[in-house]
Amino acid sequence: MSHPVPLTEIWRGPFLESVHLGHAVICDDTGHIVESWGDPNAVVLPRSSAKMIQALPLVESGAAAAHGLTSEQLALSCASHTGAAIHTDRVKVWLDQLGLTDDDFRCGPQEPSDIAARDRLIRAGDAPCQCHNNCSGKHCGFLTLSRHLRAGPEYVEMDHPVQKACLQAFEEVTGETSPGYGIDGCSAPNHASTVHGMARAMARFAAAIEGNDPRQTAMVHLREAMMAHPELVAGSDKACSLLMQAMNGRVAIKTGAEGYYIAIIPERKMGVALKIADGTTRGAECAIAAILVRLGVLDAHNPATLAFMNASILNRRDVQAGMIKPAAALA
């Protein structure tokens, strides 16, 4: 077993102040590793980086088509959004279409990370609701699938048909039997896999061809929805949205809590998965940007890239004090 290796460095002046270690894998459409860092067989919870896998049963079951879901709604089903109005307004419309309310969610309330949305709640003296939860789009998808399956309301329980379908999809696309799961921040089960397994799954999304079979068609619809609506997948100031916009609909990327990241690259039929061992988001954002630059799908000089890779660290007077940069192995 390999140990995690340096992926991101924090420099302050001439001094290497901090290092973020991790694991990363680039996988091709045959399931083989093209390039890797650290331990490809490290078993990790992918957290929200697995949302497009959790959304597969929604599409391939026919539930999405039966309920007339749009590409915006499919993008939201894969989202970790900021709770901005562009997200919550659409979530509320989706609930209305189902004839359901905020009380039917099982994700829990969450204060919006979108500053404008948070401040509106404070000024109004209102508390955040479950629609503000960053996973509410995924949970709309769960509710839609549950309705389609005529299943019960406790859709986050592991023995519920929705979660059984999610586990089956997860194991099939990763090509692994998951060793177990943890409970995510939104109360849904989150299944573990190797980093290689997640990269393999993302490569399958990348290589999928519409019409080949229901699974591949679902993969195409979900990846295309993410790439078409990057602002719905995260938020106006988030790496997922900004980097996808910088790549002009060529790549789908998705963060997960505790330093996880994936990328789906259709033109290369490749998938990427990475995990920063200390769980730090800044390390994961820099590393995924560096890998995308390395693969030739992201411009190293794009302002969005420079916000996360080779990004300046400013002090309180906006004077550059340091830099976040990829480690030598990724540079």
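So, strand E1 and strand E12, residues 320-326: five bridges join them, and they run antiparallel. Within that pairing, Trp11 has Met323 of E12 as its bridge partner. Keep in mind, everyone, that this is a predicted model.

E1, which covers residues 5-12, also pairs with E2, residues 15-27, again in the antiparallel sense, over seven bridges. Here Ile10 stands opposite Ser18 of E2. If you zoom in on the turn, the hairpin of E1 and E2 has two residues between the strands, and Gly13 takes a positive phi near 60°.

With E8, residues 252-256, E9 pairs in the antiparallel sense over five bridges, and Gly256 has Tyr260 as its bridge partner in E9. The hairpin of E8 and E9 has three residues between the strands, and Glu258 in that turn shows a positive phi of about 65°. With E10, residues 270-276, E9 pairs over six bridges, also in the antiparallel sense. Tyr261 stands opposite Leu274 of E10. In this hairpin there are four residues between the strands, and Lys269 takes a positive phi near 50°.

While we're on positive phi, two loop residues deserve a look. Arg150 is not a glycine, yet its phi is near 55°. You'll find Arg150 in the loop between H7 and H8, and it is exposed, with a relative accessible area of 76%. Ser187 is not a glycine either, and has a positive phi of about 85°. Ser187 sits in the loop between E5 and E6, and is partly exposed at 32% relative accessible area.

Last stop, the helices. How do H5 and H7 run relative to each other? The axes of H5, residues 85-98, and H7, residues 136-149, come within 10 Å and cross at roughly 10°. Angles under 35 degrees count as roughly parallel, and therefore H5 and H7 are roughly parallel to each other. On the H5 side the contact is made by Val91, Trp94, Leu95 and Leu98; on the H7 side the contact residues include Cys140, Leu143, Thr144 and Arg147. Taken together, the residues of this contact divide into six nonpolar, four polar and one charged.

Definitions and conventions:
Residues are numbered from 1 along each chain as its sequence is written. This is a predicted model: local features need pLDDT of at least 70, side-chain atom pairs count only at pLDDT 80 or more; totals for chains, interfaces and linings use all residues. Side-chain values use heavy atoms; hydrogens and water are left out. Axes are lines fitted to C-alpha atoms, for helices over the stretch in contact, and angles run from 0 to 180 degrees between N-to-C directions. Angles under 35 degrees count as roughly parallel, over 145 as roughly antiparallel, 65 to 115 as roughly perpendicular and the rest as oblique. Contact means heavy atoms within 4.5 Å. Ala, Val, Leu, Ile, Met, Phe, Trp, Tyr, Cys and Pro count as nonpolar, Asp, Glu, Lys and Arg as charged, and the others, Gly among them, as polar. Two strands pair if DSSP finds at least two bridges between them. Buried means under 20% relative accessible area, exposed over 50%, partly exposed in between (1.4 Å probe, protein chains only).
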